[in-house]
Amino acid sequence: VGGLSALVSLDDGMPHNPNVGGYFSILRDKRLYRDLITASRRIEEMAVAGAQSPQDALTAALASIGAIGGTANGSGGFSVASEIIRAAGGLQKYLDGLEVGGVQTGFPRFDALTGGIGPGELWIVAAETGGGKTTFVSQIMQQVAASGVPVAIASLEMTNREVLDGMICRNGGINTRHIRIARARFVAAASAREVAALPIHFCDMAALTIPRLMASLRKLKAEHGVALAMVDYLQLMPTVGRFGTRAEAVASLTRGLKLGAMELGIGIVAISQLSRGEKNIRRRPVLSDLKESSSIEQDANFVGFLHGDWQEEEMEWYPWELIAAKRRGGPVGSIGMEWQKATGTFRER
């Protein structure tokens with residue numbers, strides 16, 4: 001076969017020790033390409049066959065792609081402590097991250113109590129109908145964006161224009177009933193220019209499932225660095241698949257939001273309704289009042305309620321309360337708030 005000289009030359013094309021790391025990286029990249037080709041062919045076959053509903057096919061396709069992403073980590077997604085610290089940029093930056101905490105909401109006492117909205121966390125904000133939950137979370141998103149942090153708002157209840165109108169009124173101190181009146185046009189125009197400059201991304205897609213939401217958020221994070229997302233509201237999201245009870249369907253939504261937040265490394269704030277019933281009128285809500293599923297409480301890192309004494313007379317600022325009913329790894333409590341319903345603005349008392 002060539003004698004001793006051929007035998008000695010067999011390793012001529014092999015990489016030398018200093019290049020082994022790069023060589024393995026090439027092998028790993030080629031393997032990912034092959035896996036992507038295989039998954040793409042399976043997805044194409046599944047779509048052509050049409051044996052599943054489009055929603056189920058989409059879920060299966062995302063799962064197959066996600067499984068490939070999991071193999072990119074050498075330990076199948078597991079990391080030792082030293083790798084986590086190294087990924088954060090070293091020990092000092094890791095400790096700095098513990099001190100800074102999550103995204104600050106813009107409400108100082110609230111942030112001091114909760115430590116902010118951390119990456120991978122699911123927050124739930126609930127209230128009765130008309131209790132200000134959408135207004136409050138929308139204000140948080142606006143204040144976070146004003147600090148320079150890109151955010152995303154997915155509304156299944158209101159159009160993008162309605163959400164934007166609320167932000168313009170809040171920013172300019174404009175009565176929401178007067179925004180389309182001619183005399184408020186100048187102030188509204190100035191306020192709109194300021195709001196338009198904020199890094200806020202809106203979505204009002206009616207059939208926004210968890211897979212579609214996560215695909216959109218994944219793209220927004222990659223392209224714009226979105227760190228926080230709002231979902232308004234939880235019970236309006238369509239589910240993918242069939243469930244025996246409504247509680248199981250809502251559980252799949254909260255679990256999907258939680259897993260999506262962890263996968264993307266962003267915070268998600270979902271708005272939830274309280275159970276309708278006489279028992280909830282004019283009393284402080286508790287965790288058992290969350291509508292349709294106990295999994296909302298179980299999956300959430302934070303659960304907050306907005307509650308106030310309904311006043312018949314017209315007031316500029318209505319006394320309100322923000323109740324931190326659950327904070328995983330942190331304290332609970334309540335914070336006095338005031339709500340200016342005319343402009344859709346909350347402030348701490």
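Arginine 327 belongs to strand S7, which covers residues 318-327. In this predicted model, arginine 327 has a relative accessible area of 9%, and because buried means under 20%, this residue counts as buried. Setting aside neighbours within four places in sequence, arginine 327 is in contact with Thr114, Gly116, Glu121, Trp123, Asn301, Phe302 and Val332.

The largest nonpolar core has 39 residues. Those that touch the most other members are Phe110, Phe136, Val137, Leu228, Leu306, Met337 and Phe346. Helix H7, residues 133-146, gives the most to this core, with six residues. Apart from this core lies another, of 32 residues, including Leu208, Ile210, Val226 and Leu290.

Phenylalanine 346 has contacts on several stretches of the chain. Leaving out neighbours within four places in sequence, they include Phe107, Gly132, Thr135, Phe136, Gln139, Leu306 and Trp320. Met337, Glu338 and Trp339 are also in contact with phenylalanine 346.

In one of them, the rings of phenylalanine 107 and phenylalanine 136 have centres 5.3 Å apart and planes at 25°, so the pair is stacked. Phenylalanine 107 lies in the loop between helix H5 (91-100) and helix H6 (108-114), while phenylalanine 136 is in helix H7, so the pair ties together parts that are 29 residues apart in sequence. Phenylalanine 107 is buried, with a relative accessible area of 3%. Phenylalanine 136 is buried too, at 1%.

Phenylalanine 136 also pairs with phenylalanine 346, and this aromatic pair is edge-to-face. The distance is 5.5 Å centre to centre, with 85° between the planes. Since phenylalanine 136 lies in helix H7 and phenylalanine 346 in strand S9 (residues 345-348), the pair ties together parts that are 210 residues apart in sequence. Both phenylalanine 136 and phenylalanine 346 are buried.

Beyond these examples, ring pairs link Phe107, Phe110, Trp123, Phe136, Phe302, Trp320, Trp339 and Phe346 into a cluster. Two members of this cluster, Trp123 and Phe302, are among the contacts of arginine 327.

Notes. Residues numbered from 1 in each chain as written. Predicted model: local features only at pLDDT ≥ 70, side-chain atom pairs only at ≥ 80, totals over all residues. Heavy atoms only, no water. Helix = DSSP H or I, 4+ residues; strand = E, 2+ residues; numbered from the N terminus. Buried < 20%, exposed > 50% of the residue type's maximum accessible area, 1.4 Å probe, protein only. Contact = heavy atoms within 4.5 Å. Core = buried A, V, L, I, M, F, W, Y, C linked by side-chain atoms within 4.5 Å. Phe/Tyr/Trp six-rings, centres within 6.5 Å; stacked < 30°, edge-to-face > 60°.
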